[in-house]
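Morning, everyone. One structure today, a few minutes. Have a look at it first.

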Amino acid sequence: MNSLWWFALPTLLLPIWWHRKKRVQVAAEPLASARFLPRTEPRQMRVWRWKDVVLLILRCLLLACLIAWLADPVLPWRGNTVVVAEGTDPQWVERQVQQAGFKEAARLPLPAGDALAWIRAHEREWKPDARLLVLGDIPMPAALPQFIHPLELRTLGKPAAPSEVRVAIVGEAGPWRRMFAALTGPLRVVVDDAPNAKTELVVWNKPEAPPAALRAPLWWAADAGAFPELAQAKAVDGIRYADSARGRVWTASAWPPADPAAARRLLETWRRLHYAPVAHTAPSYTFAPSKVPAAEHAGGAVRDFLMLALIVLFALERILTHARRR
């Protein structure tokens, strides 16, 4: 529907009509010697000064840029392209390119998390007969996207990089160690005997409040009475949390867990509430071209250039109009 704005191009005649109709008003003063001259009807002459011509050109360009920005033009200039997620093994990429027949295709590196969304937003920049090959561990999107061009996604399926969390347990450590032992996946918990500078989580398993000088990014309180901030905290899936001067404090209503399965559920709930969801790698998939493209396809870099041109032309038009009035 944006292309219908091109029918507004005849409005470029408005600035031309306005400049031709505009007259410069001059005051006529009769001279004493004018009575000896033959009487003639006054004539009005239209004189175009250079400022008028430049101002007319600026206004026509401003109106044309506005129509083009509304029409959202895109010049298809990309051909067959291999989109490579950043950090992907180069040797694996070369093998996949050879197998897919994209040896002569252009390479386009993109962040793995934004690759599909970026392609969808800029897809009109590709030529109608272009094909796309996406390589790398792309996170699985919430919904299956649609593309105008045929697109093949090949993922490596590399396991997630292991990470480490430093935990300090103050008080009885047995139930907590069992809970952390139930944790599965790339996250590894290292339990320290006392809090230190690297401690991310302090498990406070005592009824009294911790010292005011002891701070950490995260706290887990076995006894909510040790942290007055938890008194007004709201419960989410059986877990309460509140921010304090020492850090963010968490506690659970059902503690200690009755079995390893309950400990695993409790720990997963805490991770879901505090940390971002773990992205799963999308499986390899071939996207057939969609005949009905989505309406939210963006226009690419041309739209940004037109917006910049609009700002510059508007500023020049205002400056010249002000200078013309002086």
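This is a predicted model: local features need pLDDT of at least 70, side-chain atom pairs count only at pLDDT 80 or more; totals for chains, interfaces and linings use all residues.

**The sheet, then the span**

Strand S1, residues 81-85, pairs with S2 in the parallel sense over five bridges. Pairing here needs at least two DSSP bridges between two strands. Strands (E, at least two residues) and helices (H or I, at least four) are DSSP runs, numbered from the N terminus.

Residues are numbered from 1 along each chain as its sequence is written, and side-chain values use heavy atoms, with hydrogens and water left out.

Now the whole sheet. What is the strand order? S2-S1-S3-S4-S12, an open sheet of five strands with mixed pairing. S2 (106-110) and S12 (285-287) are at the edges; each has a single partner strand, so one side of each lacks a neighbour in the sheet. From one strand to the next, the twist averages 20 degrees.

Helix H3, residues 90-100, packs on this sheet. H3 touches S1, S2, S3 (132-135) and S4 (151-154), with contact meaning heavy atoms within 4.5 Å. Its direction makes about 155 degrees with that of S3. Axes are lines fitted to C-alpha atoms, for helices over the stretch in contact, and angles run from 0 to 180 degrees between N-to-C directions.

Last, residues 53-71. That span is 100% helix and 0% strand, and its end C-alpha atoms lie 27 Å apart.
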